[in-house]
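Subject: Structure handover and notes

Dear colleague,

I am passing on the structure we spoke about, and my notes follow directly below it.

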Amino acid sequence: MTVEFWYLIGAALVFWMQAGFAMVETGFTRAKNAGNIIMKNLMDFCIGTVVFSLLGYTLMMGEDTLFGLIGLPNMDLFANFKNFIASPSEGFTGASTFVFNLVFCATTATIVSGSMAERTKFSSYCIYSAVISLIVYPIEAHWIWGGGWLSQLGFHDYAGSCAIHMVGGIAALIGAIILGPRIGKYVKDKNGKVVKVNAIPGHSIPLGALGVFILWLGWYGFNGAAATTASELASIFLTTTIAPAVATCTTMIYTWIKNGKPDVSMCLNASLAGLVGITAGCAAMDAVGAAVVGIVSGILVVVVVEFLDLKLHIDDPVGAVGVHMANGIWGTIAVGLLANPDAPAGLSGLFYTGSFHQLGVQLLGVVTVAAYAVVMMIITFTIIKKVTGLRASAEDELNGLDISEHGLPSAYADFAPSVDQYTSYAGYDDIPTVAGDTPVAEAIPVKKVPTFNDNPDAVKFTKVEIVCKESKFDALKKAMTDLGITGMTVSHVLGCGIQKGKPEYYRGVEVETNLLPKIQVDIVVSKIPVRSVIETAKKVLYTGHIGDGKIFVYDVENVVKVRTGEEGYDALQDVE
C-alpha cells in the first residue's frame, strides 16, 4: 500500500509537468500565441486520456503477442472494472498502472507542441495528438516496459529517455521539417538560399523559468515513482539532482565563453537536457556518472539547437529537439557506458566493468525505436498535411493564433505593466552621468512639426511629445513639475531600432532589431515657454548614448476642458 501510494503521488507529479511544459513553451514564444500554446498542452492530456483509455493502454500493457511487438487489446478497463481496481498479490492495481502510464503518454505527446509552435493549425495538432497517444507511443513503450522484445533482451530505460523523450523529440523534428519555419525566421535570396537567420525572442523568460522549475520538481516523480525501496528512491533523487545542475553550469560557462555572456534561455534548456539525459539511467548510475551525463548534456543541447537553426535552418522555437531527442539518445546510450553495478539497477556499464553487452543492447534499442518513430511520424504528418492541412495561413500566423484559432484577442487582456516598476526614482537634481560621446542633438533629437514659436508672449498652444526610456520617467516627471507643468499624459509604447555597440545573441543568433519598451509623455503648454520644456527634458534625459529619447513639437489649434467647457488658455489652468 505504501509503495503504491508513492507510485500514484509520482504519477500526480508527472501530470503536474504538463503545466511546466505549457509555461516553458509559452514563455519561449510570442505573446500573440500564448492562448494557443496553453490550449494545445491542455488538449494533449485530455485527448490522450480518451484514446489511451480506448486502445492505447492495452496495446502497451496487454498480454504480450506477435513476438513481443504489441500488447493484446482488451476491454478490462470498461468490462471488468472490479478486477481492474482490485489489489493483486504482487505489483500494483490495474488502475494505478493505467494512470501512471497515461501521464507518461501525455508527456510524449506534448513535446511536439513547442517545436511546431506559432504556425500549426489547431485542428491538425489535435489529430496528431490523438495518433501518437493511440498507437505510436503505446507500441514502442510495450517493447520497453510492457514485456515486449526489447525488455526481454535486457534493454534498460528506467523512466523514458528513449521511450518518451527520444520519441517525442523525433516527432518534434519531423513535424518541424514538414511544417516549415515561421514567417520571417529565415531570409532567402532569389535562388531560395538562406542568407540570414533572424532571432525571434520569446516574450517571457520568467514564464519559461517557472516552467523549468515546475518540470524539475515533477521529474522527481517522473524518475522516482517506480522505486520500490527507500534506498533506490534516494539514489534516483540524487542522480536526478546532479545531472541537470551540472548541465546548467556547463551551458552557462560554454555560452559565456562563446557569446561573451551567459545565455538565459539556453541555461533553462540545459536544466531540462540534463534531466532528460539522466532519465534512462537514474537508477543505474552513481554521482560521477550523473555528472558526466550532465556535462555532455549541457554542451550537446547548445550544439544541436544552434546546428538545427544556423546550419539546417529547421525552426524549433523552444529547443525541443535539442533537449529531448538529442539528450534522449545520449541518456539511453549512457546507460551502456556509465552504469555502475553498485547502483540499485545493478547493470554493468562499459567504463565500470569493461563489458560491451549492455551498450550493445542500448544501441539496438535506440536504433529500432528511432526507426519506428521516424516512419510513423512521417506517415502521420504527411497524411494530416494532405487531408486537412498542417499549417495555418500566413495571415493567421502574422495575426497570431490566439485570435485566428480561438477568437482570443489577447491572452493578457486588461493587463499592463505599471510605470513605477521601471523607474529609478532618481530626482531631477541627480543629473545622469554622461557616459557616451554621442552629441546631444543626435542622442535626443528634436522634431518640429511643423514649426513652433519660442516667443513666450505669443498666445498659442503647443504640444510637446517626449519619447524616452522608462527608467527616466520619474526624473522627467519631477523636472516638469518643478517647471510648472501640472498635467501630462503618459503612455507605454514600443520602440523599434538598431542600437550601436556590441551585438547581443538569443540562442546563438544575433539580435539585430528588437522592440524595446519606452514611455511617451504628452504635454500641452501655453504660458510656459516651449524652449524651457525642451531644454529641461534634454538635461534630464541625456546620457550621451543613442536611444536617450526623442522630442516632437506640434502646434495645437485649441484646448477644451470637458468638465467646465472652458477653452483656450483658461482650459489649461488648474486654479478655477
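Helices (H or I, at least four residues) and strands (E, at least two) are taken as DSSP runs and numbered from the N terminus. This is a predicted model, in which local features need pLDDT of at least 70 and side-chain atom pairs count only at pLDDT 80 or more, while totals for chains, interfaces and linings use all residues. Residues are numbered from 1 along each chain as its sequence is written, and side-chain values use heavy atoms, with hydrogens and water left out.

I begin with the surface. V292 is placed in helix 12 and is partly exposed at a relative accessible area of 31%, where buried stands for under 20%, exposed for over 50% and partly exposed for what is in between (1.4 Å probe, protein chains only). Together with V288, V296, F351 and Y352, V292 makes a nonpolar surface patch of about 430 Å². Such patches are built from residues with over 30% relative accessible area and no salt bridge, with nonpolar side chains (Val, Leu, Ile, Met, Phe, Trp, Tyr) joined within 5 Å and like charges within 9 Å; a salt bridge is a side-chain nitrogen of Lys or Arg within 4 Å of a carboxyl oxygen of Asp or Glu. The accessible areas come from the Shrake-Rupley method with a 1.4 Å probe, and for residues only the protein chains shown count as cover. Helix 12 (287–311) and helix 14 (350–353) each supply at least two residues of the patch, and the largest share, three residues, comes from helix 12.

Next, the aromatic rings. A search of the whole structure finds 17 aromatic pairs, a pair being rings of Phe, Tyr and Trp (its six-membered ring) with centres within 6.5 Å, called stacked when the planes are under 30 degrees apart, edge-to-face when over 60 and tilted for the rest. F100 and F104 form a tilted pair, since their ring centres are 4.6 Å apart and their planes stand at 45°. These two residues are four apart in helix 5 (residues 94–115), and are therefore separated by about one helical turn; both F100 and F104 are buried. The rings of Y128 and F381, by contrast, are stacked, because their centres are 5.4 Å apart with the planes at 20°. Since Y128 lies in helix 6 (residues 122–145) and F381 in helix 15 (residues 357–387), this pair ties together parts that are 253 residues apart in sequence. Y128 is buried at 1% relative accessibility, and F381 is buried at 1% as well. One aromatic cluster is formed by Y7, F92, F100, F104, W145, W219 and F222.

Helix 8 (residues 161–179) has 19 residues and reaches 25 Å from its first C-alpha to its last, close to the 27 Å expected at 1.5 Å a residue, the expected span being 1.5 Å times one less than the number of residues. Because 17 of its 19 residues are buried, helix 8 is largely enclosed by the rest of the structure. Just after helix 8, G180 takes a positive phi of about 90°.

Finally, the loop between strand 1 (64–65) and strand 2 (70–71) holds L66, whose phi is near 55°, a positive value in a residue other than glycine. F67 is found in that loop between strand 1 and strand 2, and has a positive phi of about 60° although it is not a glycine. L66 is partly exposed at 49% relative accessibility, whereas F67 is exposed, with a relative accessible area of 81%.

Best regards
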